[in-house]
Amino acid sequence: MNKNKKILTSSDISRKIIRIGHEIVENYSDISRIVLLGIHNRGVPIAQRLKKFIKDLTDIDVPMGSLDITFHRDDFRERLTMPEIKGTDISFNLDEKIVVLVDDVLFSGRTVRAALDEINSFGRPSIIALAVLVDRGHRELPIRADFVGKNIPTNDGEHVAVKLKESDTDEGVFLIFGDG
Amino acid sequence: MKVDKLDSKVLLKNATIVDPLKESKSKADILLVEGKIAEIGKVRDLDVITTVDCSGLILTHGFCDLHVHFRDPGNGDKETLESGSMSALAGGFTRVCTMPNTQPTVDNPESINYIIEKSKPLPIHIHPIGSVTKGQQGVELSEMGLMHQAGAVAFSDDGLPIQNGLVMRKALEYSKMFGVPIINHAEDECLRADGLMNEGKVSTRLGLVGNPSIAESIMVFRDLKLAELTGAKLHIPHVSTADSVKYINEMKNAYDKITAEVTPHHLFYNDKHLEDYNTNLKVAPPIRDSLSREALIKGIKNGTIDCIATDHAPHTEEEKNNQDPAENKTITNKNKDQNTEIAAVMKADNSSSIDPEEEKIRRKAMAMILSISKANNPLTNKQSASIFNLNEQKQKDRKKGKREMQSYNQRNDKDINVFFQRFQKRRYQSANYSGKHDDYTSYIQNFQANSSR
Amino acid sequence: MFGHKHFLGLENFPREDIQKIIDTAFEFKEVLNRPIKKVPSLQGVTIVNLFFENSTRTRISFELAQKRLSADTVNFSASTSSLKKGESFKDTAQNIEAMKIDAVVMRHPAPGSSKHLTEFIDAKVVNAGDGTHEHPTQAILDMMSIQEKFGKIKDLNVAIIGDINHSRVARSNMYGLISMGANVTVCGPANLIPENISDLGVKVNYNIDEVIEWADAVNILRIQRERMGIGLVPSNREYRRLFGVTSERINRRKKELVIMHPGPMNRGVEIDSQVADSDQAIILDQVLNGVASRMSILYLLLGVKEENTNEG
């Protein structure tokens, strides 16, 4: 039985992203060292919006890249039948940078662990921070987000779906009951 | 013929023009201007420098002999490109295709170039044929592509068969790219069994090892099937058996890239002509029986066999006159003379023609061939080498005082015979007893005849 | 992968699956451009490279692919093997498998040997070349290189030049390119092209100049004189004159021609040195794409969950 509940509307999402953008700028003195890395799939458009916001706010164009963590997953053999690979695109060195990982939902923390693993192949950043739109709890690893849009606690069998206008029709954050 | 030194206007008067393409025969004049035919008919041109009276002479297209051996490079004592050209020209041939079994073999483009360059000043066109395999060894393919680019018109290992079926197949496939035929001397090396003449009634009577027809027809069949499989062009040289003609006929219905040739001697002779051990008719492939001969003639008439080629293959007189009986198998005495080819062309039809003129010409031609072949062998043309030894010895006897010998014999006859009786008694008990003889003369004759076998 | 347990050949391999392998290979190529060229995808997986034929290029390529995926690799080469002591092929394979390995990459001189191997071991098998039959990983990297250059494979004119009869590279390429919708012409000595090759869907043309004019890309095979036995190619100079991709022939073309060669090259025979070293030749790119393609194949075979697989 599917009873989907809309938790955040489109304008809610925009406001959350703006607030995260402010927080990032406020937190780090040297904005020129900031690098945004969006985690596929939906972390990328969010990172895109953050980049635009920071540019409007500070007039600094921070570099942005995308990460596909498929090859670094630790659970691929159980979950994936045929991986959808979108590709990693990081065209700059990460040494000494302040890397802000951007994703839509933080859950077990394994995606972030894989991303941390992958980032190692590109250099040695001075700081890696995590920004997520939704934190739904139930961590399986000691990982926490530095910047959170909204905390949405979930129970077993519940599921959080983020839909963005860049890739989906109905923008919003939904709580899905049953196997969404 | 290549025209370098011809007058600007030449009139050939009153020639009998035979045109096989139009199947016409007429009497007319031909005017040549700057080496090209300008007018045919009744020509009245007073500017003409040279007039040739051609009354009673036949005028026709220059012939092309697809199969000659000019022994050049290598054995210039047998034939050179020049001497071969002159011989061909005398017989009315303006084009020949030379086989590559020379010393060294023509198996690379440099050798092809040699022939083409050397033939430039000669009066006929010489089209070189390259070999199929390196050195004609029948193992590795030769540089057919480069030879074709240099001017080779076909490929052949003639003289030797391509015994290995895989090599023949691969050669056919390779030659497909150049659109020129492979010409294989079809004679299975194993089945031919060192035969000295065609296997048949005659060879049995003469006690000579026979070379069976099947040695040729089986390889002809193989080559035809391989050509069909690979889609390549095949030309079958010197067809000599009835079965070969049959297979070629059947294959031509199914596949069109087959052509075949026959030699004049296979059309004229059958193996009965070898009854006197005539080595002048010892050729490869051998002269077959009369049934084969009739099949060959039919083959020409119905188009199964496309043309006549002489297989002109000269040897030195020493080689021809080699009288050692043990060497009999190496006496390859080919009596084709290209001068007789015209006669051959006209003689291909065995049935008598209604036209008495043709009949006369035919008889003349036949006589010509025979007289030339006789002339080629100055000793005698009737006896084989082995018997010749004996005859010569007898002649010597007669010339150098036979009478003396006879009288001597008479005087000593009694003594010798007494001695001989005793000798006979002893030999009678030994293992080498060769039969009782009444007197010494018959014994010695028997001994000589036995030792020469 | 794709419902098959092993990767043995490209005959009847569907277009979409080939495309998937190539797309994944491009992702792995990106990994090969990173400062640290490693992903942990095949950690804990053991792969044995069973090479019964000499090979430098393919073996190193497979080894690198395996190491970049963090798999454990073991090498076996025929010259130092127990086969010399008379052990049978089957025993060798089963003994190695008894040491708990996950996959075998095999190159063997007999056609059908990789299929044969699947019948008595449980590990997954990748065919690195079985005699004159198939060399599917080579075809994948060739098609990947073509796609990299042109952006697509469908409707391209691709020529394969050389000894088609004895070439596993030619066969796999023909199967793969035809599946992907390319137009394929083979060119070479007529006695080295099977009579019925057009049944596979390719055209035949013995005229190298016409073929070079027509093609967008040419894949030049090495002329393997050791395989030929009865001297089917009369001489190197004849081969070069009739079928060599020479500088004169290339210069006659107005457009650029993409030139490929699986290696090793006989410079001056099937390909001129100048042509091999020119900008139009993507031979070294092929080598890098080879590692990426093999990473892709191994990853899809071993790094993802198995669906309902059929044997082979």
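**Figure 1. The start of helix α4 in chain B of the predicted model****.** At the start of α4(B), a side-chain oxygen of B:Asn164 comes to within 2.9 Å of the backbone nitrogen of B:Leu166. The helix itself covers residues 165-176 of chain B, 12 residues in all. From its first C-alpha to its last, α4(B) reaches 17 Å, close to the 16 Å expected at 1.5 Å a residue.

**Figure 2. Buried residues of α4(B) and the elements against which they pack****.** The buried residues of this helix are B:Val167, B:Met168, B:Lys170, B:Ala171, B:Leu172, B:Glu173, B:Tyr174 and B:Ser175. Within chain B, these buried residues pack against α3 (144-150), β10 (182-183), α6 (213-230) and β13 (234-236). They also pack against an element of chain C, namely α8 (236-243). For chain B as a whole, the secondary structure amounts to 15 helices and 15 strands. Of the 453 residues in chain B, 45% are buried. Among contacts in chain B between residues at least 6 apart in sequence, those joining residues at least 24 apart make up 70%.

**Figure 3. An open sheet of three strands in chain A****.** The strands are arranged in the order β1-β8-β7, and their pairing is antiparallel. At the edges lie β1 (5-8) and β7 (158-163) of chain A, each of which pairs on one side only. On average, neighbouring strands of this sheet are turned by 30° against each other, direction ignored. Strands of a sheet pair through backbone hydrogen bonds, either parallel or antiparallel.

**Figure 4. The pairing of β7(A) with β8(A), and the helix that packs on the sheet****.** Strand β8 of chain A comprises residues 172-177 and pairs with β7(A) in the antiparallel sense over six bridges. Within this pairing, A:Val160 has A:Leu175 of β8(A) as its bridge partner. Helix α1 of chain A, residues 10-27, packs on the sheet and touches β1, β7 and β8 of chain A. The direction of α1(A) makes about 30° with that of β1(A).

**Figure 5. The two assigned domains of chain C and their contact****.** According to the domain assignment, domain 1 of chain C consists of residues 15-134 together with 290-303, and domain 2 of chain C of residues 136-286. Taken over C-alpha atoms, the centres of domain 1 and domain 2 of chain C are separated by 26 Å. To the contact, domain 1 of chain C contributes 27 residues and domain 2 of chain C contributes 24 residues.

Conventions
Residues numbered from 1 in each chain as written. Chains lettered and ligands numbered in written order. Predicted model: local features only at pLDDT ≥ 70, side-chain atom pairs only at ≥ 80, totals over all residues. Heavy atoms only, no water. Helix = DSSP H or I, 4+ residues; strand = E, 2+ residues; numbered from the N terminus. Expected span 1.5 Å × (residues − 1). Buried < 20%, exposed > 50% of the residue type's maximum accessible area, 1.4 Å probe, protein only. Contact = heavy atoms within 4.5 Å. Polar contact = N/O pair within 3.5 Å; in protein donor to acceptor, adjacent residues only side chain to side chain. Pairing = 2+ DSSP bridges. Axes fitted to C-alpha atoms, helices over the stretch in contact; angles between N-to-C directions. Domains from an automatic or database assignment.
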